Amino acid sequence: MVALEDPDSSCRLLALRGLGQERAQLDTRKLCERMESRELSSLDEEEKDLLFHVLGAMGDDRAVPMLQILLRGGWFGSRRHQKTWQRAAATLAKIGSPSAIEVMAKASRSRRRALAAVCSAALSQVIGEQR
């Protein structure tokens, strides 16, 4: 989707909102490429939130490896890790596949307390929904 590459953030935000509302079928690989780019750390918080929201709404298991990388620390500075972990864990919970659950379970046992707490909460949400 060309609009996601637009240099104007307002165009990118409109495209993401539309994708989230319409549940449009977007190639998961394209969205993951966008999220894996080094540019992601320079996006504003609203755009990051929308990127993760759309990815979760798509529910595509092909996003799990990229989200797992983000839970390992990803490409962001340490001050941003916790918010990134929250977004990634929430997205994994929305996907809810066995591989997404496995990634959250493993991260919930992390030595990094903040990461373990975020993933435990997301995992509890998924388990609660399955009951």
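I began with the largest nonpolar core, which has 32 residues. Met35, Leu55, Met66, Leu67, Leu71, Leu92 and Met104 have the most contacts inside it. At least two residues each come from α2 (28-36), α3 (45-58), α4 (64-71), α5 (81-95), α6 (98-107) and α7 (113-130). I note that this is a predicted model.

**Entry: methionine 35**

I took Met35 next, as one of the core residues with the most contacts. I left aside its neighbours within four places in sequence. Methionine 35 is then in contact with Leu40, Leu51, Phe52, Leu55 and Met66. Leu55 and Met66 are also on the list of residues with the most contacts inside the core.

**Entry: α2 against α3**

I checked how these two helices pack. Their axes are 11 Å apart, and the angle is about 150 degrees. Over 145 degrees counts as roughly antiparallel, so α2 is roughly antiparallel to α3. The crossing of α2 past α3 is left-handed.

I listed the residues that meet. From α2 they are Thr28, Leu31, Cys32, Arg34 and Met35. From α3 they are Glu47, Leu51, Phe52, Val54, Leu55 and Met58.

**Entry: α4**

Which residues of α4 are buried? I found Val64, Met66, Leu67, Leu70 and Leu71. Looking down the axis of α4, I see its buried residues within an arc of 160 degrees, so they line one face of the helix. Past α4 comes glycine 73, with a positive phi near 135 degrees.

**Entry: alanine 89**

I moved to α5, where alanine 89 is found. Is alanine 89 buried or exposed? Its relative accessible area is 1%. The cut-off for buried is under 20%, so alanine 89 is buried.

I looked up its contacts, not counting residues up to four places away in sequence. Alanine 89 touches Leu71, Met104, Val118, Cys119 and Ala122. I also checked glycine 56, which is 33 residues from alanine 89 along the chain. The C-alpha atoms of the two are separated by 9.9 Å.

**Entry: alanine 122**

Alanine 122 counts as buried, at 5% relative accessibility. How far apart in space are alanine 122 and alanine 89, C-alpha to C-alpha? I read 5.9 Å, for a pair 33 residues apart in sequence.

With residues up to four places away in sequence not counted, alanine 122 touches Ala89, Ala93 and Met104.

How values were computed: Residues numbered from 1 in each chain as written. Predicted model: local features only at pLDDT ≥ 70, side-chain atom pairs only at ≥ 80, totals over all residues. Heavy atoms only, no water. Core = buried A, V, L, I, M, F, W, Y, C linked by side-chain atoms within 4.5 Å. Buried < 20%, exposed > 50% of the residue type's maximum accessible area, 1.4 Å probe, protein only. Helix = DSSP H or I, 4+ residues; strand = E, 2+ residues; numbered from the N terminus. Contact = heavy atoms within 4.5 Å. Arc of directions from axis to C-beta. Axes fitted to C-alpha atoms, helices over the stretch in contact; angles between N-to-C directions. Parallel < 35°, antiparallel > 145°, perpendicular 65-115°, else oblique. Left-handed = near helix turned anticlockwise from the far one by under 90°.
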